[in-house]
Amino acid sequence: MRYARTGSLWRCLRYLRPYGWFMAGAFGTALGAMLAGLAMPLVLQRLIDGPLAHQDMGALPGLIAGFAVLGAVEAVLLGARRLLVVRPATHLETTMRARLFQHVQRLPSSFHSHWSSGQLLSRTVSDVTEIGRFFAFSAVYLLVNVAALVAGLGVLAWLSPVLALVVLVTYLPMVAATVFFEQRFHTVARSAQEQSGDLTTTVEESVAGIRVLKAFGRCPETVRRFTAQARALRGTELRKISLTAALWWTATALPELGIVALMGYGGYSAATGQLTLGVLMAAITVATYMRWPADTLGWLVADASTAGAAATRYWQVRDIPLAVSDPATPRPLPHPLRGELRLENVHYRHPEGKDAILRGIDLTVPPGTTLALVGATGSGKSTLVSLLTRLDDPTAGRVTLDGTDLRDLTLDALRSAVTCAFDDPVLFSGTVRHNVALGLPDGTRDDGRIHAALRLAHADGFVAALPEGLDTRLGEEGTGLSGGQRQRLALARAVLPGPAVLVLDNALSALDVHTEREVEAALRTVLGQVTTVLVAHRPATLRLADRVALIADGRVAATGTHDELMATHAAYRDLLESPVTGPAGADGAPLRGTARKVQAR
């Protein structure tokens with residue numbers, strides 16, 4: 001375990017390589033400051049045993065000047081250490097955060113379905129901060145302070161071997177106690193970091209879902225859960241403090257005992273003439289100087305343990321392999337791009353799942369046609385469409401675009417040709433323009449195309465009514481807009497880039513019947529030009545499709561037009577006439593409640 005966390009910290013050193021000379025300089029200046037501090041007691045010994053003992057005032061100014069120079073050198077080198085270490089430490093934090101964020105963005109959807117955002121946030125922010133702080137301060141002084149203790153004992157041995165032995169006897173138990181407490185501290189520190197991530201998740205989810213919590217009266221329950229998590233974290237932090245306090249007590253008390261023993265034996269030796277007064281004062285000064293390295297050793301070791309736990313958590317995410325990535329030798333997009341989609345014996349199973357979700361899907365969508373996917377909840381429709389943009393890759397089989405396996409294309413090339421609109425219309429904090437133009441190349445600003453996409457999605461009316469139109473800033477996740485408005489902006493975002501393949505995963509589910517008909521009428525002008533795969537349940541939307549595929553138990557149970565399947569396939573008919581959707585009315589919309597009962601009569 002200790003090797004794992006030491007190895008995790010060691011791996012972080014790669015981000016300091018561009019500033020290796022800075023780190024070497026920081027270590028060198030800290031070491032130089034330590035040596036200057038240890039040299040000062042030797043000057044003191046010369047001062048006492050020389051000019052003061054022999055009444056030789058001529059040598060006094062030179063020794064005093066030497067003492068002052070050593071003090072100035074120590075101060076300057078300590079300041080230089082701080083200046084040298086700032087750039088490497090900030091570079092390490094910035095780069096590690098960027099690499100982790102980039103890695104998380106490239107991980108497949110199956111990863112995000114099992115990891116909470118709070119845990120990822122704590123690893124990206126607080127854990128990287130711990131690692132950066134360790135390398136900026138603790139790592140340097142952990143090495144320097146150990147060197148200071150060794151050098152201090154060396155100076156004591158040069159002054160008096162017996163005095164050095166007295167101090168060493170009191171320091172050995174301190175080293176053993178440091179190792180003992182560090183092992184326990186690491187476990188508690190890792191637990192505290194995990195609990196902090198869970199607490200962050202609770203806060204984030206509560207803020208994002210505040211309307212749901214209020215609507216169901218769950219705010220008090222959420223507060224109780226948060227309080228319980230906060231108290232558990234408090235208990236863990238108190239255990240950390242208890243272990244740190246015990247470590248500090250050991251690291252403080254034993255050096256004090258060493259000084260007491262040194263004063264006792266040294267005083268007796270000086271009184272009997274075995275030591276000079278200068279040697280005794282120098283030895284006491286060296287032992288006092290060694291107190292700070294000894295006192296902080298426990299804290300530095302605890303900080304190293306915390307940083308090691310943070311590094312382990314960081315690499316836990318970074319080491320997750322990219323199941324979906326660019327091929328080593330990518331193939332270019334077919335030209336001209338026709339947009340034929342083909343799924344050949346496609347299987348899919350979640351990495352942590354036992355049963356396959358898709359079990360041998362074979363489908364072909366000719367260029368410029370529309371395929372609708374219908375199925376009960378959990379049948380695999382959304383999983384299937386996620387494979388079309390490589391949000392995940394099939395476990396077996398392949399998906400091709402104009403005969404080219406999607407895994408042979410770069411992700412950028414694929415996602416410029418295939419765009420999506422999901423049933424959960426995610427919007428980001430920013431302007432309406434920023435959200436709609438998300439699929440355009442960076443820096444592209446084409447308001448004409450944006451307005452055309454908004455008109456197609458029948459979003460131009462409510463966008464024009466917003467206070468600043470396209471420049472209106474939306475709240476987090478589009479707070480302030482209705483579900484239907486958010487879906488229309490997401491639809492405009494999907495059609496704006498002019499894709500060859502358009503994927504609509506229940507993208508009209510939040511629209512009212514009247515708005516849906518208007519959007520569907522506008523979509524007809526697009527659907528004849530691009531290959532479209534849509535997941536839908538409303539008969540009016542299904543009639544937009546050239547062909548409908550019924551998905552059941554991860555397989556294609558039947559294909560045909562909507563009217564053909566209604567007439568010939570009982571399972572399809574039963575699905576659309578279920579109490580959830582109801583039978584189709586005259587306008588193609590499902591009937592509900594009283595209307596359904598009247599028709600049944």
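Q: Is Trp 315 buried or exposed in this structure?
A: Trp 315 is buried, because its relative accessible area is 3%, and buried means under 20%. Please keep in mind that this is a predicted model, so every value here is computed from it.

Q: Which aromatic residue does Trp 315 pair with, and what is the geometry?
A: Trp 315 forms an aromatic pair with Tyr 314, and the arrangement is edge-to-face, with the ring centres 5.2 Å apart and 90° between the planes.

Q: And Tyr 314, buried or exposed?
A: Tyr 314 counts as buried, because its relative accessibility is 0%.

Q: What lies over the face of Trp 315?
A: Arg 11 does, and the distance to the ring centre is 3.9 Å.

Q: How many aromatic pairs are there?
A: The count comes to 4 aromatic pairs. One of them joins Tyr 19 and Phe 22, whose ring centres are 5.6 Å apart and whose planes meet at 70°, so this pair is edge-to-face. Phe 22 itself counts as partly exposed, because its relative accessibility is 28%.

Q: Which residues of strand 3 point which way?
A: Thr 370, Ala 372 and Val 374 point one way, while Leu 371, Leu 373 and Gly 375 point the other way, and all of them are buried.

Q: What does strand 3 pair with?
A: Strand 3 pairs in the parallel sense with strand 10, residues 531-535, over 4 bridges, and it also runs parallel to strand 11, residues 547-552, to which 5 bridges join it. To find these pairings in the structure, you could look at Thr 370, whose bridge partner in strand 10 is Thr 532, and then at Leu 373, whose bridge partner in strand 11 is Ala 549.

Q: What about the open sheet, in which order do its strands come?
A: The open sheet has 4 strands in the order 2-1-4-5, and the pairing is antiparallel. Its edge strands are strand 2 (358-365) and strand 5 (404-405), each of which pairs on one side only.

Q: How many bridges are there between strand 1 and strand 2?
A: Strand 1, residues 341-348, pairs with strand 2 in the antiparallel sense over 6 bridges, and within this stretch Leu 343 stands opposite Leu 363 of strand 2.

Q: Which helix lies across those strands?
A: Helix 11, residues 381-388, lies across strand 1, strand 2 and strand 4 (396-401), and it runs at about 125° to strand 1.

Q: New topic, where is Thr 124, and what does it touch?
A: Thr 124 is in helix 5, which covers residues 117-159. Leaving aside residues up to four places away in sequence, Thr 124 touches Arg 97 and Leu 100. Thr 124 counts as buried, because its relative accessible area is 17%.

Q: Zooming out, how many helices and strands are in the protein chain?
A: The secondary structure comes to 21 helices and 12 strands. Of the 601 residues in the protein chain, 47% are buried, and the accessible surface comes to about 28800 Å², with 61% of that belonging to carbon and sulfur atoms.

Q: What share of the contacts comes from residues 24 or more positions apart?
A: Among contacts in the protein chain with a separation of 6 or more, residues 24 or more positions apart account for 76%.

Conventions. Residues numbered from 1 in each chain as written. Predicted model: local features only at pLDDT ≥ 70, side-chain atom pairs only at ≥ 80, totals over all residues. Heavy atoms only, no water. Buried < 20%, exposed > 50% of the residue type's maximum accessible area, 1.4 Å probe, protein only. Helix = DSSP H or I, 4+ residues; strand = E, 2+ residues; numbered from the N terminus. Pairing = 2+ DSSP bridges. Phe/Tyr/Trp six-rings, centres within 6.5 Å; stacked < 30°, edge-to-face > 60°. Lys NZ or Arg CZ within 6 Å of the ring centre and 35° of its normal. Contact = heavy atoms within 4.5 Å. Axes fitted to C-alpha atoms, helices over the stretch in contact; angles between N-to-C directions. Areas by Shrake-Rupley, 256 points an atom, 1.4 Å probe, with all protein chains shown as cover.
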